[in-house]
Amino acid sequence: MSIKEYREYQKQANKKSKYNAKKTKIDGQVFDSQKEAEFYNELKLRLKVGEIKGFCLQPIFILADELKYKADFIIFNNDGTSEIVDTKGFKTKEYIIKKKVFEDKFDLKIKEI
């Protein structure tokens, strides 16, 4: 490892999330928190045993011009329904506003884990 590479490594190691969330990588996908990664693993198991039809990672919804909401997951249930899921350790003001706009616009509820 070169000195430059070591300094970059130190910078990355010293960075902490604002809310102490630890980025986690599974199956080549980087999750913003360990909680989100664990839920992903749970969804993979539920899919494997046939409990759900499928799921989608980080879908983006357009709320208004220049305003987007990115959920953590959409779960497609066997009965044809779907759930929007967000894994939350801390609710920011921005998230609370976007959640309200999303739920009003799409007449759907966001399930928080």
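**A hairpin, a helix and their surroundings**

A: In the hairpin formed by strand 4 and strand 5, where two residues lie between the strands, Glu-66 adopts a positive phi near 65°. The model is a predicted one, and what follows should be read with that in mind. Strand 4 and strand 5 run antiparallel and are joined by four bridges, and across this pairing Ile-60 stands opposite Lys-70 of strand 5.

Helix 3 itself, residues 93-106, has 14 residues and reaches 20 Å from its first C-alpha to its last, which is close to the 20 Å expected at 1.5 Å a residue. Its buried residues are Tyr-95, Lys-98, Lys-99, Phe-102 and Glu-103. Seen down the helix axis, the buried residues of helix 3 fall within an arc of 130°, so they line one face of the helix. The face turned away from that buried side carries Lys-93, Glu-94, Ile-97, Lys-100 and Asp-104, which are exposed. Just after helix 3, Asp-107 takes a positive phi of about 55°.

Where do aromatic rings link the hairpin to the helix? A search of the whole structure finds nine aromatic pairs. In one of them, the rings of Phe-61 and Phe-102 have centres 5.0 Å apart and planes at 75°, so this pair is edge-to-face. It links distant parts of the chain, since Phe-61 lies in strand 4 and Phe-102 in helix 3, 41 residues apart, and both Phe-61 and Phe-102 are buried. Tyr-69 and Phe-102 form another aromatic pair, a tilted one, with 5.4 Å from centre to centre and 55° between the planes. Because Tyr-69 lies in strand 5 and Phe-102 in helix 3, this pair ties together parts that are 33 residues apart in sequence; Tyr-69 and Phe-102 are both buried. Ring pairs link Phe-61, Tyr-69, Tyr-95, Phe-102 and Phe-106 into a cluster.

The largest nonpolar core has ten residues, namely Ile-26, Phe-31, Ala-37, Phe-39, Tyr-40, Leu-43, Ile-52, Phe-73, Ile-75 and Val-85. Helix 2 and strand 6 (73-77) each supply at least two residues of this core, and helix 2 gives the most, with four residues. Apart from it lies another core, of nine residues, which includes Tyr-95 and Phe-102 as well as Ala-71 and Ile-84.

Ile-26 is found in strand 1 (residues 24-26), and at 17% relative accessibility Ile-26 counts as buried because the cut-off is under 20%. Leaving out residues up to four places away in sequence, Ile-26 touches Phe-31, Ala-37, Tyr-40, Asn-41 and Lys-44. The C-alpha atoms of Ile-26 and Tyr-40 are separated by 8.8 Å, with the two residues 14 apart along the chain. Arg-46, in helix 2 (residues 34-48), likewise counts as buried at 17% relative accessibility. Beyond its neighbours within four places in sequence, Arg-46 is in contact with Glu-51, Ile-52 and Ile-75.

Methods. Residues are numbered from 1 along each chain as its sequence is written. This is a predicted model: local features need pLDDT of at least 70, side-chain atom pairs count only at pLDDT 80 or more; totals for chains, interfaces and linings use all residues. Side-chain values use heavy atoms; hydrogens and water are left out. Buried means under 20% relative accessible area, exposed over 50%, partly exposed in between (1.4 Å probe, protein chains only). Contact means heavy atoms within 4.5 Å. A nonpolar core is a set of buried Ala, Val, Leu, Ile, Met, Phe, Trp, Tyr and Cys residues joined through side-chain atoms within 4.5 Å. The expected span of a helix is 1.5 Å times one less than its number of residues. The arc is that of the directions from the helix axis to the C-beta atoms. Two strands pair if DSSP finds at least two bridges between them. Rings of Phe, Tyr and Trp (its six-membered ring) pair if their centres lie within 6.5 Å; planes under 30 degrees apart count as stacked, over 60 as edge-to-face and the rest as tilted.
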